[in-house]
Amino acid sequence: MNIPPEVWDRIFEIATHVPYTLTPEIFEKSTLIGIDYNKQYHPALKAALVTKRNIVLVCKQWWHLAIRYLYRAVFIDEDRHIPCLCGTLQNYAIGKGGIPGAGPLGWWAERLDVVSLGAGIDEERLADIIMCLPNLTVVSLDIEPSPQEQLTLHSIRNALRHVASSLHVLDWSTEPSDNNPETLLEERQLFVEMPRLRILRSRYMPWTDGLIPYSILASVTTFAVERMLITAEDTSSWSGLEERQVCLREVVIDISWYDFESWAIFMNLYGVFLHSVHLTYCDNYQNRFFRYLAMVKQSCPNVRRLTLSMSNFRNLTVDVLSLPPIEYLGLSMWEGLHTEMESEILFSVLVTLRDTLPTLRVVQLTNPVNVAHLLTDHCQITTKAMGNLVECAFRVEDDDGDLLFERLKAMGEPLDCLRYLFESAHTYN
């Protein structure tokens, strides 16, 4: 049986596709970009890479048909792979491919992830790899240098300038060894050369005066920063921004670091433009959570989406649940601490929100491991709790946006609990 090449092409695309990892799908996960996103999608990207390698090794015909899928998402998590990958990409770039007629492999690449412990990483060769990938739209760099290693990132920043015009998402999570004013200046110069950038995550606030350039504000919709440091003492003279000049609609605030004063300045400048705020990762300092939420309520009159990532659901105290009139609430906690008590607290919180937040339309559990606990280990708690939420005006969704109620029905167990839930739903209808 002869299968047309276009059918094979579609088969390969389906077999190797990882949802929410390429544009435009990745924009739906904008608030998770960084640690949360990488924990969820890096394992899937690695698994897909194995599938791609197996496909291209079948025969020459499949190699030609599937090679673009092999290099569509480049994933590097071991330093020893860098020299080999660099050599392959450079050879194809100058016409020395393994198969006659093959073009530069790097042209197919849309995404680059580099996850490394930094033990002797070859920074120059990594920069050469980036130079061979001219059509990148998504770049995530999370390199942790060893204590004795000097990681400047200078060559990597220069390489990124060659792909700056095509980038839509940049997760710049790597911290250089020489974090000084000159380094921040290089980063600022790099970011302003990215006219299509929509999602920017940075380890440090690049603009320590708080003034994000207009060229950034005109394109970036989501801004995430781990350490916010604004050194300006007087911001009263700063001119106001018009909404038509600003595309920024979402920020991700890491409140593990106590940078409240700087965030207060930031929110005073840009809070009016924001529709979505993500607070992550709170430890057990509940007063810190409350203080940041109070800042959001005061500074963000147009916020409609709020995502809270925390160590445990016990952080959701009565004070914390005094939320702005949002329509969407995302919730997650550290999976290793998800006990039955945490599940019970979660559903008691939802009951409270049912009675106190009439604007709420969606509650989404954004961590798939939390969802798995609720559907397996704590299934009876979940099913009975859903019965109490039948009259809610809001949906309770899993991490993919599906109704938790429907996931329970698909499981079919435990029957007694499901019968209780269905009877409750029938009574309400």
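User: How much space lies in the largest cavity?

Analyst: Let's start with the general idea. Rolling a probe the size of a water molecule over the atoms shows where empty space is left. Please keep in mind that this is a predicted model. Here, the largest cavity holds about 110 Å³ of space, and the structure has 2 cavities of 30 Å³ or more.

User: Which residues line the largest cavity?

Analyst: Among them are Glu 13, Thr 16, His 17, Leu 45, Lys 52 and Tyr 69. Helices α1 and α2 are the elements that each give two or more residues to this lining. By class, the lining divides into 5 nonpolar, 3 polar and 3 charged residues.

User: What about the second largest cavity, and which residues line it?

Analyst: About 40 Å³ of space lies in the second largest cavity. Its lining includes Ile 26, Tyr 37, Arg 111, Val 138, Val 169 and Asp 171. Two or more residues of that lining come from each of α2, β3 (138-143) and β4. Sorted by class, the lining has 5 nonpolar, 2 polar and 2 charged residues.

User: Now the pockets. What is the volume of the largest pocket, and which residues lie nearest its centre?

Analyst: The largest pocket has a volume of about 460 Å³. Of the 18 residues that line it, Leu 49, Arg 53, Leu 70, Tyr 71 and Leu 85 lie nearest the centre. The elements giving two or more residues to the lining are α2 (35-56), α3 (60-70), β1 (73-76) and α4 (81-93). Helix α4 gives the most, with 5 residues.

User: Is β5 mostly covered or mostly uncovered?

Analyst: Mostly covered: 5 of the 6 residues in β5 are buried.

User: How about single residues? Is Phe 27 buried or exposed, and what does Phe 27 touch?

Analyst: Start with the relative accessible area; under 20% is called buried. Phe 27 has 17%, so this residue is buried. Phe 27 sits in the loop between α1 (5-16) and α2. Setting aside residues up to four places away in sequence, Phe 27 touches His 168, Val 169, Arg 198 and Ile 199. The C-alpha atoms of Phe 27 and His 168 are separated by 9.3 Å, though these residues are 141 apart along the chain.

User: And Asp 9: where is that residue placed?

Analyst: Asp 9 is in helix α1. With a relative accessible area of 19%, Asp 9 is buried. Beyond its neighbours within four places in sequence, Asp 9 is in contact with Leu 65, Arg 68 and Tyr 69.

User: Last one: how many disulfides are there?

Analyst: The count is 0 disulfides. The test is whether two cysteine sulfur atoms lie within 2.5 Å. For Cys 84, the nearest cysteine sulfur belongs to Cys 86 and is 9.9 Å away. Cys 84 is exposed at 57% relative accessible area, whereas Cys 379 counts as buried at 7%.

Note on methods. Residues numbered from 1 in each chain as written. Predicted model: local features only at pLDDT ≥ 70, side-chain atom pairs only at ≥ 80, totals over all residues. Heavy atoms only, no water. Buried < 20%, exposed > 50% of the residue type's maximum accessible area, 1.4 Å probe, protein only. Helix = DSSP H or I, 4+ residues; strand = E, 2+ residues; numbered from the N terminus. 1 Å grid on protein atoms, 1.4 Å probe; cavity = no way out; pocket = protein on both sides within 12 Å on 5 of 7 lines; lining within 4 Å. Points joined across faces, edges and corners; volume = space filled by probe spheres on them. Contact = heavy atoms within 4.5 Å. Nonpolar A, V, L, I, M, F, W, Y, C, P; charged D, E, K, R; others polar.
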